[in-house]
Amino acid sequence: MAEAFLVAKDLHKSFNDHKAVNGVSFTIGKNEIFGLLGPNGAGKTTTIRMLSTVLEPDVGEVTISGFSTRQQPDKVRSIIGVCPQELALYEELTALDNLTFFGRLVGLNSRETRAQSMANLALMELEQRAKGKVSKFSGGMKRRVNLAIALMGHPKLLFLDEPTVGIDPQSRNKIFETIQGLRTNGMTVLYTTHYMEEADRLCDRVAIMDGGKIVAIDTPRALKAKLGDPDKTTLEDVFLKLTGRSLRD
Amino acid sequence: MKQLRNIWLLMGKDLKIFTADRAALFFSILFPFLFVTLFNFVMTGVGSEDSRLQLNLATREPPTGISYQIIAALETVDESALKPGEPQIVWLKDYEQAKKDVEDRKLTGFIAFPENFSEAVLMGYGTELEVIYNPSNPQATAALEGMAQGIASGVGTQQVVNNTVIGLLVEKELYQPGTAGDLAQSIRAMLTGQAGNAPESSRISFTTEKVGEVEAINPANFVIPGYLVMFVFMTASFAAQQITKERLNHTLERLLSGSASRSAILGGVYASTAVKGVIQIAIFWGIGILVFKMDLGIAPAAVFIISLLMMLMASAFGVMLSTFVKTERSASSIGVLASLIMAPLGGCWWPLFITPKWMQSIAKITPHAWANTGFNKLLIFGADFNAVIPEMLALIAFAVVFGAIAILKFRTDAD
């Protein structure tokens, strides 16, 4: 693994009596695509929220590029981009308006915002729909706008929380291509999904979460090799073996 | 600086969403305008000729009495010359018949001058005007009482002048003590045209004062402020729906993971709600002044300050409401319900001062009542700036309480 870009140490988070995250620790190397896998309710989203400064951990520490999320949240926010699981968009506005707004919010000036907005929309093959209202877009197009917003300001670390939920294969492939292209350009990516084949295809390493804990962490191939022939075993098999239940529970 | 920039950006975004939403524009801007226009039109009929208020006067004095001149000066000679809402004043020649007509409910009431009125005025001792009324018509009764007070006040001034003149003449020994009564008789004769000369014009002058509710009121003076309060509050309540929607679709959380702090988000939400209120206020007053010829009274600055305070209070309420609800539907329902309950209770649909005392007391729990009372004082009763300071302070208190709760309870979906 390259030098650690993100370090999460013993993260805990509870909501009332429910322990959502229970002692999660891992590191992500620079320029790595790291997968956080697990079924719904495993604690993936809560972990991302803590890493991205939206939530403060009850216990534990996170540093990103040497900046602490507790002590230097503004520094952290200036180098991260977040693509949430939900379509966090203003549907009443156009795609360009959405990108422009979030671009200005991360500190870009008008000219930079305009240039990056158009470039990101082009990257997502949405430049022809730049002035279309998001409410008129298909689910796949909205997902792509969701990702395009996360890329505003050229973040060094991108959090992608289930970016391909409920979309058509064409949009999914486009998102995969984009993520791979971003890594080529030096971006670090944390990717959560409950689609095992996606993680197998994209991620350098994966951590499997269940019940708020990481139950395994390694490269997809190494995890599969623990069960048998890695060419014939799937990550879903690995998850079943480790947790005793299906990923889609 | 960064905070302010973010608040500005958030406010701009919210206003862009607002202007992109035709339904929101209609219900916030056009609908209130149509509403006000309609009700103003309806209320303009009140006080017109068909329902003109009639005030009756009678006297028990002989024809040489001063009261004859007073009534002659006040009596409506040409009804067609009356302005809309101006009362018609009728001279009832037969006191006993007039009294019987009131008892029979053929008349709403009348003011009667007593038999000793002129003598009492000129000799300086007190007398009383009679206000005889039928309690079934409180509006006419109030107007009669107001008019009686006006006459008493005017004649009282004349009485003071007379007594002062007599006192000075006695003091300068131009007349010996004991002859003052003769002098008074002389003055009386002079005033009533009995001093040997033919009466020229009346030497007692009367001025008609604005008394009670008998003055013609531009209905816009209470229709527009009332609906302004209602619609600004309603629009701010709808802001709760927008905030809740943003919380549910996770855009608030996305803002947090960007570079917007919680306070900037709160500031942006509040500022955009407030700006919508300012737009409504500008439109309402603009239409009121330009179209409905409203008079903002002697303290227009106070009118605008109350408007702004009311808008700040309503914005704080909208943000506060968003912290209590979990779904867009509940935000919308509670917002509409709160608006529709507080509007009539707080005097948006009818002036509070015509409601019973107990209702006026209950109304004070609503910010609407304070805003409307302030507007009524300024626009209907001609109060000055100082008179509405309590209303301003009350609105500030409401805004602070609502705002404090909003700040303490504001949350994103991640909280």
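1. Basis. The model is predicted, so local features need pLDDT of at least 70 and side-chain atom pairs count only at pLDDT 80 or more, whereas totals for chains, interfaces and linings use all residues. Residues are numbered from 1 along each chain as its sequence is written, chains are lettered from A in the order in which they are written, and side-chain values use heavy atoms, with hydrogens and water left out.

2. Extent of the interface. In chain A, 31 residues are in contact with 26 residues of chain B (contact: heavy atoms within 4.5 Å). The two chains bury about 2400 Å² between them, with 57% of it on carbon and sulfur atoms; buried area is the accessible area (1.4 Å probe) that two parts lose on being put together, summed over both.

3. Chain A and chain B share 3 salt bridges (a side-chain nitrogen of Lys or Arg within 4 Å of a carboxyl oxygen of Asp or Glu). One of them joins the side chains of R49(A) and E253(B), at 2.7 Å from N to O.

4. Elements on the chain A side. Two or more residues each are given to the side that touches chain B by α2 (73–77), β6 (80–83), α3 (95–105) and α5 (139–150) of chain A. The largest share, 5 residues, comes from α3(A). Helices (H or I, at least four residues) and strands (E, at least two) are DSSP runs, numbered from the N terminus.

5. T53(A). This residue lies in the loop between α1 (44–51) and β4 (59–64) of chain A. T53(A) counts as buried because its relative accessibility is 10%; buried means under 20% relative accessible area, exposed over 50%, and partly exposed in between (1.4 Å probe, protein chains only). Its side chain makes a polar contact of 2.8 Å with that of R77(A). Beyond residues up to four places away in sequence, T53(A) touches T69(A), P73(A), V76(A), R77(A) and, from the other chain, L256(B).

6. Positive phi angles. N31(A), in the loop between β2 (18–29) and β3 (33–37) of chain A, has a positive phi of about 70 degrees although it is not a glycine. H250(B), in the loop between α8 (220–248) and α9 (251–257) of chain B, likewise has a positive phi of about 70 degrees without being a glycine. N31(A) is partly exposed at 32% relative accessibility, whereas H250(B) is buried at 11%.

7. T59(B). Strand β1 (residues 54–59) of chain B contains T59(B), which is buried at 7% relative accessibility. Its side chain makes a polar contact of 2.7 Å with the side chain of S67(B), and a polar atom of that T59(B) side chain lies 3.1 Å from the backbone nitrogen of E61(B).

8. Helix α15(B). The buried residues of this helix include L395(B), F398(B) and F402(B). What covers the buried residues includes α11 (300–324) and α14 (367–379) of chain B.

How values were computed: A polar contact is a pair of N or O atoms within 3.5 Å; within protein, one must be able to donate a hydrogen and the other to accept it, and residues adjacent in sequence count only if both atoms are side-chain atoms.
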